[in-house]
Structure formats: structure tokens, C-alpha cells
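Hello,

Please have a look at it first, and then read on.

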Amino acid sequence: MTPAIQTYELTKVYRARWRRREIRAVDGVSLRVERGTTFGLLGPNGAGKTTFVKLLLSVVHPTRGRAEIFGRDARIPEARRPVGYLPENHRFPGYLTGAAMLDFFGALSGMPARDRKRRIPELLERVGLAQWADVRLKKYSKGMLQRLGLAQALLHSPSLLILDEPSDGVDPVGRIQIREILRELENQGVTIFLNSHMLSEVELFCREVAILHRGRVALTGPVRELTAGRGYKLTAAAPPEGLIDELRAKAASCAASNGFVEFLFPDREVLNEAIDRLRAHRCPIESIVRTTSTLEQVFVRTLEGRGEDG
Amino acid sequence: MNGNRAAGITAALVRDTFREAFARKIFLGFYGLSTLLILFFLFLLKIDVVEGARATVTLFGQTSGRLRDVEALVRGFQAGVATFLYTWGMALAVFASAGLIPTVLEAGRIDLLISKPVRRAHLLLGRYLGNLLVVALNVGYVVFGVWAILGWKTGVWRTEFLSAILTTTFIFAVLLSVIVLVSVLFESPAVSVMTVFGMMLLSPILAQTRLMERLLPSEWSRDLWKALYYVFPKVYDVGRMTLELVNGRAAGSLMPLWTSALFTLAILGAGLWLFARRDY
């Protein structure tokens, strides 16, 4: 089955008009986003995330490489038909009311008038803006505009949803509401591509992530794999001094407090050796816990590694 | 894209332009001024037809004692309105419309528009058409209104005057294509207005081809003048043509119309080409 998004060596180079300086905003990015998944694109500011999204939607033209949406060249307008998009820093026309704005963008998405008439009240209700339908957008708060933007992206029931910083300016309750909507869509098989700098949001919601750094993919994979299996934490009660020194040499870290000593072992083999040595000394083991990393730790480690390389 | 869908998208783009024109009070300004002009003919100008084909005119309560030919009188008023519309009305229309194209090119608005399954050319042409209709409807409102009032007051129904709707709208379409190109290039209403006003001022100067043939010393400079005259839109010539038509005379050569139409196609084509290639 063709993936929802596939890019091949996608590159965007910006050139300063009067100087010869080049900025490689996106540099040879090849990504594959399977249908029905929830995919998070991460990266520090200026990593090229928004440019990558704009390349997918043909808002920006690639210098090299290409992008496909459901197997069709992203430059063809029809390829964007199954896509719902919420841009970062959107500027919806303030003279439109919420309902009129949805009607306008629904028409541009190719929705017949009768479908728009049915869907608009439904979606306004879903994002909690039903009472604001006939109010001009210049009266809306940032969070309300964001929720309306999401309704706009969902209006034509897209199979692929591309969201650029969807929680920006939204209060915690609104964020939970957005997450619930997205979870519902995920269950319906909609592919969700999330571009966000909010790592906790991505970790909570996405199944797969890619980390962009200086326009390149620094790391990609399933969130569960990236955050799992970093080691084992063993807590032992008062082991003898000589044994502590012996195990400290094998451990990644060692810390003592209140008569207990915590060892962090990098893998299972070293852990089992340590258990054998502790049991041989009849030393009680308080607990053994498999440790995981947060996505934030993975992100920081990845960027640090790339920084050292680069 | 099927025809119905394309028509639906065009209608949405036109409707959006109208909404923005309403919100920016462009409609209020246009129709307010136009209504004032119509009211002037309705209430302040009194024409008393005597002896069948002759009439006296009363303006602001002051009656001119002279009897005038009714048809000539109506023709004169209509020519005055057509000239006013073609010059001051056009300047006002350019000034008011110059902002309607660059606003859709603003970051945060244009990226969402482009992300929709619509060709970029379609987006820009929809806006162009909407803008053109805003002005065309207003021109139609003034001309038709004045025509109806003068006809009702005098019984002279000169349909020649209605041709001013077509020629004035045509020249606005020409100038609007320049606004489109300049907006795509610079995204600035001010630069658009300056460029269009520059062209409007340049047109009567370039139209002096016979005079320049006598004044310019070299063959190449005369050829250059002629080339510029043929290339640039003929705002002045079409204006003269409008006056001839309104006065019931033959329009003369159609060259100003078709060269200006070609100019519009070329400029609009360049605007669409650039728009399709730009990154937003």
C-alpha cells in the first residue's frame, strides 16, 4: 500500500537575493509516513520543520527531490484533496465569521454547498465554538482561532491531517480537547502528521517521530523503541564496600542513600552478573526496574550527538 | 477538476472578495459617492422640457433662461458623467482596489489557500474577477442610474451612454492586471497604486505620436516612442473613444482596444507565472 507521505531527497535551498549566501532549510530529507499512523516531526527552532511541511503542500517549491501524498506528486493540486492543514501563525481573514470562514475554505476544498451546510455546525460544536459561529474572527482569541483552524482542517473529512503547532496558544483544557479529537481521528484511520516543538505532546500522541536538525533527519523511528530499553536500575540493601566498588566499575552510575545503593546497568547481561555477585554475598535486592528515556531525553541526546558531529 | 467544482471555487473566491470589499468599506465609499451623483441628477437638476425638443435647466434653484436642445443637453450631461467616471472614478477604483490583491498574499493566509486543491492561477484569477466585478457593478450602477433619471426627466433615452459601462470596466480590467503583477512582485498596495497612476499619466503623453514625430530628432527615438505607445495600455485613447461613443459618434480605430487587451493578457500572464513559481 502506498504510504500517506513519502519524500525522496527533498531539499530546499534559500538564496539571499543580493549575496551568494545559501541557506539549506531542508537538506535531502527522505521520509516515509505510513497510512493510519500518528507521526511527529520534531526539531529545534530553525531546523526546517515548517519548510518541510510547506514543501509537502507545495507552498514552497523544492530545489531538489520530490514529495508524494498517497502516491501522487505533491505539486499536483488534486494530490492535496485528501489533506487537511492547519498552518503555524495562520492569519484567517478577520472580516469573516467563524461559519463563513469554514464555508469559504470548505468550498476551496471542493465540498458541495449541502455538505458544507451539514458539516459546519457539527464541527463548530465539536471544537466548542458553536455559539461563536456568527461572530467575526477579529473578536476571537488566539486559542479560539486555533480551534477554528482545526475545524477548518477537518471540514472535508481528510485522510491526512497536517498540523503545524496545533496547540500553540491553546489553554490546557483546549489542548486536551484537541488531543481527544485527534485520538478519535486516529481511531478512524486518519493519518496525522504533527509538527510541534512540544515534546510531551508528541510523546503522548504520536506513534512515530522524526527529529530534524539543520534540515536533515537526525533520528527517526517508533516512539516506543526510541524511548525504551535504556538500562536497568538495581537497588540493593547495604552491600559490602568491596562489592560496591566492584559493581560500580560495571555500572553506568552508582548512588548511595539511607543504607541503599542504586546501580544503573547498561544491559541485561551486566545486570545478571551483578545479581549473581550480590546473591553470592547474601546481599538483599530491594528492586530491579527497567528504565526508559523520555522523548525529551532522546531529543537532547540526538541534538548533542549531532552538534558534536557537526 | 470538473466544471461544477471549478465554478464553485470561482464563486467562493469572488464572494470572498466582495466580503472583504464590504469590510474595508470600499463598497460604502463607491456606492455612497455614486448615490450622491445619482441624487444630484434626481433632485438638484431640474430640466423643464418646453416646445417638445427644447428645455430650460434649473440647478440649485437657479434657472438658466436660455432654451436648449434637449438631446444635446442630455448628451452633454452624459459625456460629463462618463468623463468624470473614466478619470476620477477610475483613480478612486484603483486606489480602493490596490489593497485587495496583496492582502491574500500575506503570510499565514496565502499558505492555507495554496494548500487547498486549487491551482494557484485559479486562486489569483478568482480574486481578479471578484475585484473587477466590484468595480464593474458600481460603474453599471452610476451609468444606469444617471441614464434612467435623465431619460425619465427628459424622455430622451440615449443607449449610447451605456457603452461607458463597457469601456470604463475594460480599462479598469487593464489597470487591474498591472495591480496583480506588481502585487505579486512587491506585495505592496502603495507600489501598485504608484505604478498604475504612473501609467495613467504616461498614457496621454505617449499618445502624442504625431507631435513627437515632428519633435524627436532621430529615427530610432521616434521608433522607440511609437513602440512604447503601442506596448503600454491606451488609457487616454480608450477615454477618447468612450467620449466619442457617448456622443453618438463612431469609435474610430479599434487598435487602442486590442493592443490594451494584449497588454492585459501579457501582464496578467506574467503575474500568474510569477505567482505559480514563488515560495510563500
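To start with a question: what is the relative accessible area of Asp279(B), and is Asp279(B) buried or partly exposed? Its relative accessible area is 27%, so Asp279(B) is partly exposed. Please keep in mind that this is a predicted model, and that every value below is computed from it.

I began with that residue for its partner in the other chain. Asp279(B) makes a salt bridge with Lys12(A), and their closest N and O atoms are 2.6 Å apart. This pair crosses between chains: Asp279(B) sits in the segment after α11 (255-277) of chain B, while Lys12(A) belongs to strand β1 (residues 5-15) of chain A. Lys12(A) has a relative accessibility of 6%, so this residue counts as buried. The cut-off behind that word is a relative accessible area under 20%.

Over all chains, the structure holds 34 salt bridges.

- Asp73(A) pairs with Arg75(A) in a salt bridge, with 2.7 Å between the closest N and O atoms. Asp73(A) is partly exposed, at a relative accessible area of 22%.
- Glu273(A) and Lys250(A) form a salt bridge whose closest N and O atoms are 3.3 Å apart. Glu273(A) is in helix α9 (residues 268-280) of chain A and Lys250(A) is in helix α8 (residues 241-250) of chain A, so the pair ties together parts that are 23 residues apart in sequence. Both ends count as partly exposed: Glu273(A) has a relative accessible area of 40%, and Lys250(A) has a relative accessibility of 32%.
- One network, joined by salt bridges that share partners, takes in Arg15(A), Glu22(A), Arg24(A), Asp27(A) and Arg216(A).

Where is Lys25(B) in chain B? Lys25(B) is found in the loop between α1 (3-23) and α2 (26-44). Its relative accessibility is 52%, and Lys25(B) therefore counts as exposed, since the cut-off for that is over 50%.

Finally, a word on how chain A is laid out. Chain A is divided into domain 1 (5-226) and domain 2 (229-291). Their C-alpha centres lie 47 Å apart.

Technical notes
Residues are numbered from 1 along each chain as its sequence is written. Chains are lettered from A and ligands numbered from 1 in the order in which they are written. This is a predicted model: local features need pLDDT of at least 70, side-chain atom pairs count only at pLDDT 80 or more; totals for chains, interfaces and linings use all residues. Side-chain values use heavy atoms; hydrogens and water are left out. Helices (H or I, at least four residues) and strands (E, at least two) are DSSP runs, numbered from the N terminus. Buried means under 20% relative accessible area, exposed over 50%, partly exposed in between (1.4 Å probe, protein chains only). Domain bounds come from an automatic or database domain assignment. A salt bridge is a side-chain nitrogen of Lys or Arg within 4 Å of a carboxyl oxygen of Asp or Glu.
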